[in-house]
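Let us look at one protein chain together. Take a moment with it before the questions start.

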Amino acid sequence: RQLSSIIRELIRIGVSNKQPTDLPTMLPNSDSRYRKDGGSNNANRNKVLFCCAALALSLASIKLSGTNRFLAISNAAAEDDLIKAETFSFDLTDEENDITDTTPLFDSSFAEYLKKGLSWYVANAGNKHFFYPDSNFHKTWPKADIPYWTKKRFPLNKYITPGKQTCFMHVGKAGGSTIGCLLGFSLHCDTNNQTVTSLLAATTAHATHRCVHDCSDEAAYNLFVVRDPLTRALSAFNYGKQKLLEKNSTSKGWVRDKELIFDCEFASLNDLAERGLVKDSDNATEECRVRSKKALLGIETSLIHWYYNYQYYYEMVSPDANIVVIRNEHIVDDWNAVETLLGGDADFTQEHVPVNNAREKKPEEVYLSDAAKVVLCETLCNEIQVYKTILKRAQNIKNEQYVQSMQQLVTSCPKEAMEESCPDAKPDIREKVDGCY
């Protein structure tokens, strides 16, 4: 402790260029014992102090914790990956970029008919809510009550059969509440009705969120709302911690979240990454390290939106399903692209976009060190590859949009943005998926 204090004082001296006022008192005894003549020999004293500092640094290097070793190596690796990414080509292959059928799902006259009917309901229906027929959830769980949020604020047009419908894959903490409110679902909408008069809203009939799977394999499209995986993980952590602070509970989910965040004393995602995900870290118990990794991989139910991740939602749709995407970072462009694909007009603007289920974040809640990003991205590697696959399969995402998203991904996870595989096998989540069917 004394040597550590000396180092801190030496750093202060170096930064401030001031005389060492406190160093003599930090030594075990009077500094006269270190002087040949017992007088005020500043040069001799400073030699002793710097020798002490050198000794402390030597001891520190010998007993350097696994965390600190990892932080140093990770920072260097991150810089190398960023340099490589500058010349890396993210262009889709011809096969990946081949969207053969671009014929709109609805003709223009029918599209206008649907929008006119929807416009009337948005203006006149008040607070009525409607469950739509052909519920896949009720077919699977006939005795269960489907959640209220699956209701919509207008009835489904009788001509929108299952094969003409879009199903909303509501990925948590990716901006799904905002899009869901625009589509007319009863989610965290801050005003009574935020539905946008559009073909996409009129034809999106059912939704999947967490373990409520109400989508049909017959759906014309499956709409994913996605977001940079690291940013989504950060948002999910902050959301889970806030829920813990707001109420006490005895539910299994609440207890699991408490065990991860409060019992392991992870103040932030950055804290969890640097202490809980680093191999051989001496700053967290083995139990907390295991708990952290399993939670982030989505194989343990700590933090609900980590558990229901991209891999889960992707495996809930059929392998040959048509996918469309709205990227959280490009809501207006992607909404208009999907609307055009359906046969509507690209007239959606930023003014239509509300902000729901959000709160102002503290600086420490959003901070991630470079080293924390490295270990989080490594753990999220398979999740990032699924995110990339969803974008590649999206009917409304062309090469330039995909490259745009990869360039943004590079700023958080450069190595995983460039690679197509991961060191660890993708988690087997068949039990999770089968349990929600």
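Predicted model: local features only at pLDDT ≥ 70, side-chain atom pairs only at ≥ 80, totals over all residues.

Residues are numbered from 1 along each chain as its sequence is written, and side-chain values use heavy atoms, with hydrogens and water left out.

Student: What is the average pLDDT of the chain?
Tutor: pLDDT is the predictor's confidence in each residue, from 0 to 100. In this chain, 80% of the residues score at least 70. The average pLDDT is 84.

Student: How many helices and strands does the chain have?
Tutor: Both are DSSP runs, numbered from the N terminus: helices (H or I) need at least four residues, strands (E) at least two. The chain comes to 21 helices and five strands.

Student: In what order do the five strands form the open sheet?
Tutor: Two strands pair if DSSP finds at least two bridges between them. The pairing here is mixed. The order is E3-E2-E1-E4-E5.

Student: Which are the edge strands?
Tutor: An edge strand here pairs on one side only. That picks out E3 (212-213) and E5 (323-327).

Student: Which residue in E2 is the bridge partner of Phe168?
Tutor: Strand E1 (residues 166-169) and strand E2 (residues 204-209) run parallel, joined by four bridges. The partner of Phe168 in E2 is Ala207.

Student: Are H9 and H10 roughly parallel or roughly perpendicular?
Tutor: Axes are lines fitted to C-alpha atoms, for helices over the stretch in contact (heavy atoms within 4.5 Å). Angles run from 0 to 180 degrees between N-to-C directions; under 35 degrees counts as roughly parallel, over 145 as roughly antiparallel, 65 to 115 as roughly perpendicular and the rest as oblique. The axes of H9 (residues 229-246) and H10 (residues 252-263) come within 10 Å and cross at roughly 110°. The two helices are therefore roughly perpendicular.
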